[in-house]
Amino acid sequence: MRSIWNGAISFGLVSIPIKLVNATESHSVSFRQIHTEDGGRVRYKKVCELDGEELSGPEIGKAYEDADGTMIPITDEDLAALPLPTAKTIEIVAFVPAGEIDPLQMDAAYYLSANGVPAAKPYTLLREALKRSDKVAVAKYALRGRERLGMLRVVDDVIAMHGLLWPDEIRAPEGVAPETPVAVRDAELDLADALMATLGEVDINSLHDDYRTAVEEMIAAKAEGGEAVAPPSPGEAQGGRVIDLMAALENSVRAAKEARGEDAVVTELKPRGTPKETGGKKSTSRTPAKKTAAARKSTSKAEGEAKEPTARKSTAKKATAKKTTAKKPAAKKTTTKKTTPRKRTA
């Protein structure tokens, strides 16, 4: 890979000669501007506004435009005279945990290559020190005429550097969050968790740019004299306003499971929270008991109603028997007197 910058890493009193190599590349399909009537190429020309002459590269310089429109010429000699200690040096200023770096600051990525055999030893020392400390190095460097902030970390056996935006280049997210308060129910969070668990992890290397593939296929078809790819029908368009969030989440979980070849049955999650909405765990656990008690009460009532006619008949018989007994005259008791023999007097 071709280097874009040569310099050194300043690690205390240690200097490590390095070469800077781009770690990323763009695979986007590029287009040219043409005249739609005849297909002629449209090119940009650098023309002076004062005399209308077309200029070449050596004739073009730099200038700063003042607020009133005045142009202040700036030469390369002016910039070279500025005190810029990081002009050819990546100066490490601190070692911090990787979690302290805000991802919003991440910019371009580069690989740092040891420049020459003598640089291999200090390069390896810095790499292994970063590995063992589990930290990243924050550094300052200059590239393309300006000083920048960078983060050094280890990727495999190479030291990589991520360009960082300066903290004052990160805009505060004012007015971005929803202005109206929104309540999210536990059931909705449960479905969101289920969707996250269903999607799970993915091998980042398996992802690819579907749009770029479609563009390349379309270009190949047109180059062979074919027709352009038909646009998708309106029914295939996705997105738009979500009317039922719960239904959308459930359908998402079901679709994700089907895509993974899993059972597509989605258990409906009852919302948790206020007893009015869900009944809560308390009402859920007591519901069978209440039903059983009510059933027993109903059964006993039915049995009571069934036994009531029989009990009435029995009571009526007893009353009739008592009445009959009361009407009959009481039977007189017959008493037998015991005869005592009389004594004879002489």
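This is a predicted model: local features need pLDDT of at least 70, side-chain atom pairs count only at pLDDT 80 or more; totals for chains, interfaces and linings use all residues.
A residue counts as exposed when its relative accessible area is over 50% and as buried when that area is under 20%, with partly exposed residues in between. By this rule D156, with a relative accessible area of 66%, is exposed.

Seven strands, written here as 7 strands to keep to the count, close into a barrel, and the order around it is β1-β2-β6-β9-β8-β7-β5. The pairing in this barrel is mixed. On average, neighbouring strands of the sheet are turned by 40 degrees against each other, direction ignored.

Strand β1 (residues 3–11) and strand β2 (residues 14–22) run antiparallel and are joined by 8 bridges. Within this pairing, W5 has L20 of β2 as its bridge partner. The hairpin of β1 and β2 has 2 residues between the strands, and there G12 takes a positive phi near 65 degrees. With β5, by contrast, β1 pairs in the parallel sense, over 3 bridges. Here S10 finds its bridge partner in E91 of β5.

The strands β1 and β5 also contribute the rings of an aromatic pair. The structure holds 1 such pair. It is formed by F11 and F95, whose ring centres lie 5.8 Å apart and whose planes make an angle of 70 degrees, an edge-to-face arrangement. The two residues are 84 residues apart in the chain, with F11 in strand β1 and F95 in strand β5 (residues 89–97), so the pair links distant parts of the chain. F11 counts as partly exposed because its relative accessibility is 23%. An α-helix has 3.6 residues a turn, so residues three or four places apart point the same way.

R127 counts as buried because its relative accessibility is 14%, whereas E128, at 36%, counts as partly exposed. Another salt bridge is formed by D157 and K131, whose closest N and O atoms are 3.4 Å apart. This pair links distant parts of the chain, with K131 in helix α2 and D157 in the loop between β8 (146–155) and β9 (158–164), 26 residues apart. K131 is partly exposed, with a relative accessible area of 38%. Taken together, R127, E128, K131 and D157 are linked in a network of salt bridges.

A further salt bridge brings together the side chains of E147 and K140, at 3.9 Å from N to O. E147 counts as partly exposed at 24% relative accessibility, and K140 counts as partly exposed at 27%.

The backbone deserves a closing look. Most residues other than glycine have a negative phi. D134, although not a glycine, has a positive phi of about 55 degrees. This residue follows α2 and is found in the loop between α2 and β7 (135–143). D134 is exposed, with a relative accessible area of 65%. D156 is likewise not a glycine, and its phi is positive, about 60 degrees. D156 lies in the loop between β8 and β9, and its relative accessible area of 66% makes this residue exposed.

Notes
Residues are numbered from 1 along each chain as its sequence is written. Side-chain values use heavy atoms; hydrogens and water are left out. Helices (H or I, at least four residues) and strands (E, at least two) are DSSP runs, numbered from the N terminus. Two strands pair if DSSP finds at least two bridges between them. Axes are lines fitted to C-alpha atoms, for helices over the stretch in contact, and angles run from 0 to 180 degrees between N-to-C directions. Buried means under 20% relative accessible area, exposed over 50%, partly exposed in between (1.4 Å probe, protein chains only). A salt bridge is a side-chain nitrogen of Lys or Arg within 4 Å of a carboxyl oxygen of Asp or Glu. Rings of Phe, Tyr and Trp (its six-membered ring) pair if their centres lie within 6.5 Å; planes under 30 degrees apart count as stacked, over 60 as edge-to-face and the rest as tilted.
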